[in-house]
Amino acid sequence: MSLEGNWFTEEHLGTGSAFSFRIRQKLHEEQTPYQKIEIFETEKFGNLMTIDGFVMLTSWDNFLYHEMMTHPVLFTHPAPHRVLIIGGGDCGTLREVLKHPDIRLAQQVDIDERVTRLSEQYFPELCESNHDPRAELHFGDGIKWVKDAGTDSYDVIIVDSTDPIGPGEVLFTKAFYQNCHRILAEDGLLVQQSESPLYHLELLTRMHKDMRSAGFAKTQTLNFPQPVYPSGWWSATMTGNANLSAFRQRDVETKTFDTHYYNQRIHSGALALPNFVEKHLQENI
Ligand code: SAM
């Protein structure tokens with residue numbers, strides 16, 4: 001990460017590439033016990049949150065990520081009522097989950113309360129459902145939460161974590177998936193952000209392998225654009241025991257809430273993977 005003149009630049013290690021924002025001002029900087037959080041006002045992307053120098057979200061384009069982390073998995077599950085979000089401290093994922101009227105409980109467990117408090121201040125639109133009676137905000141390590149939770153506690157787990165370095169690293173392990181498998185109902189589903197199909201194919205493939213060896217029968221990656229993340233192209237990987245390419249298409253068409261990006265055609269398209277990704281997965285999992 002570098003700040004030169006009025007540009008914030010995140011370098012993408014190993015690829016000789018970077019993404020820059022022109023900054024109007026730095027709004028906040030703080031080192032928490034877990035990570036360094038910074039908030040900037042950008043010229044075009046609205047506010048920008050970074051953690052340890054890595055871009056987490058911007059006001060302008062976070063809808064792509066938050067909608068694709070939530071609606072595909074919730075419309076793949078036959079009838080989700082109980083949702084666990086690991087990470088997601090900015091509360092954008094929680095807001096999307098609570099748009100579904102059938103959700104009865106959405107628990108968010110982020111290790112760092114400061115991410116949520118700063119999001120309330122600098123991204124208030126993402127926090128508008130924090131006081132929904134179905135929402136519970138907890139602060140602690142996601143790895144411990146899933147270890148302590150009882151069998152058959154959730155229908156859907158959404159892992160909205162930082163990259164697999166720092167406190168988020170433990171959330172990309174087989175031991176974590178094994179606990180998720182145990183605490184999900186028989187028809188339960190897990191989805192996790194799985195980085196860039198172009199830059200991080202080895203990690204994505206390892207996630208498929210680890211999810212399957214943790215006891216899940218199926219894995220399925222969805223892909224979507226995300227301009228501010230490395231390569232501009234991102235993914236989420238779902239796992240569970242049912243066919244993950246089938247979803248409640250009719251319910252998507254008749255949903256009673258607005259989405260900015262997600263619709264039934266986007267969902268179908270996101271399931272289509274490029275040849276090089278399919279081939280790599282077939283050969284390596
Ligand atoms: N998806 C975004 C990205 O890839 O840039 C990340 C958004 S969200 C802000 C990520 C959150 O994961 C952070 O708030 C961080 O505190 C949280 N986190 C990291 N490790 C965690 C852990 N072990 N348990 C719970 N939350 C964790």
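1. Proline 167 has a backbone N or O atom 3.0 Å from a nitrogen atom of the ligand, a polar contact in the sense of N or O atoms paired within 3.5 Å. This is a predicted model, in which local features need pLDDT of at least 70, side-chain atom pairs count only at pLDDT 80 or more, and totals for chains, interfaces and linings use all residues. Residues are numbered from 1 along each chain as its sequence is written, and side-chain values use heavy atoms, with hydrogens and water left out.

2. Tyrosine 229 contributes through its side chain: an N or O atom there is 3.2 Å from an oxygen atom of the ligand. The protein covers 99% of the 600 Å² of accessible area that the ligand has on its own (Shrake-Rupley method, 1.4 Å probe).

3. Around the ligand are 27 residues (a heavy atom within 4 Å), of which Gln35, Tyr65, Asp110, Asp141 and Gly142 come nearest. By class, eleven are nonpolar, ten polar and six charged, with Gly counted as polar.

4. Where does the ligand lie relative to domain 1 (2–58) and domain 2 (62–284)? Both domains give residues to the shell, so the ligand lies between them; the bounds come from an automatic or database domain assignment.

Key: A polar contact is a pair of N or O atoms within 3.5 Å; within protein, one must be able to donate a hydrogen and the other to accept it, and residues adjacent in sequence count only if both atoms are side-chain atoms.
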